[in-house]
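Here is a friendly walk through one model, meant to be read with the viewer open. Take a look at the structure, and then we can go through a few of its features together.

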Amino acid sequence: MKRRVAVIGLDGMAWHILDKLFEWNIMPNLKNITRKSLKGVLPSTIPPESGPAWTSIATGVNPGKHGIFGFTKPTEDYSGTHIVNSQDVKYLRVHEMVAVQNLKSVCVNQLLTYPIKRIHGAYVITDWLSPEIKYSPEIAQYAKNYQGPTLGKASPLLEKNWDAHYTEVSSRVDTVNALLEKTDWNLFWVVYSEPDHLFHRYYDSVMRKDRRLMRIFAKIDETFKIVSNTADLIIVISDHGFRKFSYGVYVNTYLEKLGLVNSMRHQAMKTIVCHRQVDKPKIQFRIPESLYRYLSRLPSSIELIMLRVYKHLLKANIRAQLTNHIDPKFSKAFAHGFGIYVKEKELIDHVVMYLKKAPFIGGAWKKEELYTGKQLKAMPDIVVIPNYEKGFAFRSDIIAPKTTVRRDFSNHHPNGIVILYSEDVKPSWVKGISVYDITPTILNFLGLNIPGDTDGKVIDLKNAK
Ligand SMILES: [Zn+2]
């Protein structure tokens with residue numbers, strides 16, 4: 001009988017949040033597994049974003065080999081962006097590696113699985129970045145009830161329709177549980193996106209133990225009960241952590257001050273937020289240029305109040321547009337997410353130097369300093385992260401009136417979690433586990449071949465320190 005590995009992803013989970021859920025006894029089954037496990041802080045990829053992080057975890061290689069840096073990427077002529085999908089992932093993922101070596105895998109809600117690549121033995125339900133949920137016909141009997149938010153269908157969470165949201169989450173958890181119990185697999189891989197989606201919008205409510213959110217975590221916890229009886233190795237993992245920050249950073253505003261970015265009033269370089277059906281206001285109202293200039297000179301607290309008054313005067317569902325966007329055609333360099341695209345390559349060193357000088361920047365690297373591999377060409381010229389430790393996080397790609405604003409908001413933090421349980425492990429805290437180690441560890445446990453160019457190592461489950 002072949003051994004079985006189950007990977008349960010909790011997108012965005014951090015130890016300080018999970019410890020609260022344990023303290024409140026919201027996730028008793030996971031708490032029970034964790035007590036017996038090897039566990040540690042899992043540093044995310046640079047950048048700590050779901051696309052590159054989950055893809056690195058699932059391939060065992062860096063973005064320079066698998067090709068994923070973010071959810072959207074600029075087109076080659078920089079005229080716009082496109083949403084990445086499974087065809088942009090240039091490396092086999094572990095659920096596929098297992099199947100091509102003649103074992104069976106089930107993979108649910110792993111990012112960038114749409115359109116499904118048909119591989120015998122790999123059964124997939126696509127992720128929330130899909131235009132619609134698709135699944136392998138072999139698991140239709142279970143997957144047909146799975147309801148996801150997708151790019152084409154907004155989550156009821158956005159309208160605070162808690163009951164509808166709970167019904168959707170339940171359909172996902174129940175599907176996962178049925179697949180775990182009733183199908184034949186050697187690797188079971190599921191990512192629950194709910195923690196990330198809840199922390200982005202309702203972080204404070206989670207930390208206040210809001211009952212409507214607690215029941216979501218309690219529902220997800222049902223999976224941990226079933227997995228305890230069905231897997232020989234259980235890996236619970238997050239792609240990055242989460243935290244409250246005190247300052248928002250607009251990198252393009254900084255680049256504009258350096259004379260690198262040109263602005264315009266409409267957004268060509270759309271991000272995933274523009275593509276998702278989030279709570280779009282019915283009317284976009286553009287603030288007059290003169291008022292925009294005036295507001296931008298005020299302290300941000302006053303600016304916020306002024307903006308609220310202005311919105312109130314204009315009534316209800318109007319989004320006052322206080323910002324400019326980058327003009328990719330006439331900019332020498334611009335930021336899109338954590339990447340900076342530099343059109344005049346001789347400026348790269350100069351831009352890195354200016355970024356490193358800024359107190360709100362935590363690090364800036366030329367792409368070849370971080371990544372290696374054939375997909376290096378698909379990476380932005382420079383990778384930049386905010387100064388997390390000083391309370392800064394990125395806000396968006398807009399050119400805001402000021403480079404940094406005082407705001408309390410929750411966002412990704414590099415410190416994720418990893419929990420490993422098998423009969424062999426001695427419960428302890430371990431250091432030094434990398435996102436790249438998960439795939440080689442799974443393959444080794446199943447007695448399968450590990451790709452020669454992996455960036456990870458097999459975690460020693462018996463003697464880990
Ligand atoms: Zn994530």
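## Ground rules

A residue is called buried when its relative accessible area is under 20%, exposed when over 50%, and partly exposed in between, using a 1.4 Å probe and protein chains only. This is a predicted model, in which local features need pLDDT of at least 70 and side-chain atom pairs count only at pLDDT 80 or more, while totals for chains, interfaces and linings use all residues. Residues are numbered from 1 along each chain as its sequence is written, and side-chain values use heavy atoms, with hydrogens and water left out.

Helices (H or I, at least four residues) and strands (E, at least two) are DSSP runs, numbered from the N terminus.

## The zinc site

Which residues hold the zinc ion? Its protein donors are Asp11 (OD), Ser50 (OG), Asp239 (OD) and His240 (NE2), lying 1.9 to 2.1 Å from the ion. Donors here are N, O and S atoms within 2.8 Å of the metal (3.2 Å for Na, K and Ca); water is not among the atoms, so sites may look incomplete. The angles among the four donor atoms run from 95 to 129°, making the site tetrahedral (four donors with all angles between 85 and 135 degrees).

Asp11 sits in the loop between strand 1 and helix 1, and Asp239 in the loop between strand 8 and strand 9 (241-249), so this pair ties together parts that are 228 residues apart in sequence. Asp11 is buried at a relative accessible area of 3%, and Asp239 is buried at 0%.

## Aromatic pairs

The structure holds 16 aromatic pairs. Rings of Phe, Tyr and Trp (its six-membered ring) pair if their centres lie within 6.5 Å; planes under 30 degrees apart count as stacked, over 60 as edge-to-face and the rest as tilted. In one of the pairs, the ring centres of Phe71 and Trp128 are 5.5 Å apart with planes at 85°, so the pair is edge-to-face. It links parts of the chain 57 residues apart. Phe71 is buried at 14% relative accessibility, and Trp128 is buried at 8%.

Ring pairs also join Phe199, Tyr203, Phe217 and Phe242 into a cluster.

## Thr441 in helix 16

Thr441 belongs to helix 16 (residues 438-445) and is buried, with a relative accessible area of 2%. Beyond its neighbours within four places in sequence, Thr441 is in contact with Lys457, Val458 and Ile459 (contact means heavy atoms within 4.5 Å).

Terms used
Tetrahedral: all angles 85-135°; square planar, octahedral: opposite > 155°, others 65-115°.
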